[in-house]
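Here is a short briefing for a first look at this structure. Keep the sequence and the 3D view open while you read.

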Amino acid sequence: MTLISSRPAGKGAADEADRPALLRPMRLRGLTLRNRIGVSPMCMYAAPMPDGVVDDWHVVHYGQFALGGAGLIITEATAVSPLGRVTPDDSGMWDDRHIAGWRRVTDAVHRAGGRIAVQLAHAGRKGSKYAGLPGDPPEHRGSVPPSAGGWQTLGASGEPFGRFADPARMDADQVDAVVAEFAAAARRSVAAGFDAIELHGAHGYLLHEFLSPVTNRRDDRWGADRAALLLATVAAVRAEMPEGMPLIVRLSVDDVAPGGSQAADSAELARRLHTAGVDLVDCSSGGLVAGAEYSPSPGYQVPGSAVVRAAGVPTAAVGLITDPRHADRIVADGDADLVLLGREMLRDPHWARRAELALTGAASLEPRYHRAYL
């Protein structure tokens, strides 16, 4: 889509170095993002249970961020198998019938000038839970029983998350099957028109379970090297992707749990991932142990991103970032290459346009919205 600009005439590619760091284009493999502003993956629980097919709601939801100027949009956690859902209402990529719905989403985003990545995920022991949305009955908390559409969850070591139902400890065949499920989901994601793929290796979900010494007490090869499952998944997914398509991994840089992984461990893991074909690490934290989280404050996840980036791996930073100047400073100071916003984007899908106006006094505008900035 052609965008009209209210920037002064003569400002072009040669002048990009003079632009605020947040607004400079970003290159990931063969993909160029129009700026360093992204929409963080956020669970939506909006796919009609139990088939996981996305619909008109998702077209509108993701399309609004592209119209609003975001450089990269990352979808909600999208399950690679029915057993990998967080809730019965999760979106899916475990069947070819999911492709058409997601294709409508990617087409809408592209028509609006945006780029979009799918976040592929397996919830592990944190699956089969109620969404817990406002207005839900009080009893709809914790695990969904099989009688209400729930399922037997899978985990690294068979121990539950908080008061959730006990997961089944995965055997070797089940672990191999998960790697194959991620690969098949990646193949469908390419067919659905996504520009990049993110693997969810954070927040206590399955790949993170295997990474952490707190939750992985296995005595097989998946325990001897706790990164083995994530690295095997990266290799299998990378093999299904075009060479120029970026691969992203979301990590909990710090487990925020006694005995858990910390930022230095994640920096070393990030180096291994980068060597294996990962182009960007999306840096978050926690989610591994019930009740163990950082106290949130503006930019509270950024220090973890800075540690990983100092190891020579490109990063995305998240964590209650709302102010354009703060976001620009994160990139300019070298703490991250990309800034992802979640709740702030829900409040204002045009945050990227406002950020450009705040930082430069002008903005590249969707033509049909230009009158709003006159």
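Asp348 counts as buried because its relative accessibility is 17%, under the 20% cut-off. Asp348 sits in the loop that links helix 10 to helix 11. Its side chain makes a polar contact with the side chain of Arg354, at 2.4 Å. The model is predicted.

**The annotated domain**
- UniProt, in an unreviewed entry, lists residues 22-357 as "domain: NADH:flavin oxidoreductase/NADH oxidase N-terminal".
- Over residues 22-357, the chain is 32% helix and 15% strand.
- The end C-alpha atoms of residues 22-357 lie 12 Å apart.

**Helix 1**
- Helix 1 covers residues 56-67, which makes 12 residues.
- At 1.5 Å a residue, helix 1 should span 16 Å, and its end C-alpha atoms are 16 Å apart, so the two values agree.
- Asp55 caps the N-terminal end of helix 1. A side-chain oxygen of Asp55 lies 3.1 Å from the backbone nitrogen of Trp57.
- Which residues of helix 1 are buried? They are His58, Val59, His61, Tyr62, Gly63, Phe65 and Ala66.

- Strand 5 is mostly covered, with 8 of its 8 residues buried.
- Strand 4 pairs with strand 5 in the parallel sense, over 2 bridges.
- Gly38 stands opposite Leu72 of strand 5.
- Strand 5 also runs parallel to strand 6, and 5 bridges join them.
- Ala79 has Ala121, in strand 6, as its bridge partner.

**Helix 3**
- Helix 3 has 20 residues, 172-191.
- At 1.5 Å a residue, helix 3 should span 28 Å; its end C-alpha atoms are 29 Å apart, which agrees.
- At the start of helix 3, a side-chain oxygen of Asp171 comes within 3.1 Å of the backbone nitrogen of Asp173.
- The buried residues of helix 3 are Val175, Val178, Val179, Phe182, Ala183, Ala184, Ala185, Ala186, Arg188 and Ser189.
- Those buried residues pack against helix 2, strand 6, strand 9 (196-201), helix 4 (206-211), helix 5 (221-224) and helix 6 (228-238).
- Gly193 follows helix 3, and its phi is positive, near 90 degrees.

**Cysteines**
- How many disulfides does a search of the whole structure find? It finds 0.
- A disulfide needs the two sulfur atoms within 2.5 Å.
- For Cys283, the closest cysteine sulfur is that of Cys43, at 19 Å, again too far for a bond.
- Is Cys43 buried, exposed or partly exposed? Cys43 is partly exposed, because its relative accessible area is 32%, between the 20% and 50% cut-offs.
- Cys283 is buried, because its relative accessible area is 0%.

Note on methods:
Residues numbered from 1 in each chain as written. Predicted model: local features only at pLDDT ≥ 70, side-chain atom pairs only at ≥ 80, totals over all residues. Heavy atoms only, no water. Helix = DSSP H or I, 4+ residues; strand = E, 2+ residues; numbered from the N terminus. Expected span 1.5 Å × (residues − 1). Buried < 20%, exposed > 50% of the residue type's maximum accessible area, 1.4 Å probe, protein only. Polar contact = N/O pair within 3.5 Å; in protein donor to acceptor, adjacent residues only side chain to side chain. Contact = heavy atoms within 4.5 Å. UniProt positions renumbered as here; feature names shortened; annotations may be inferred. Pairing = 2+ DSSP bridges.
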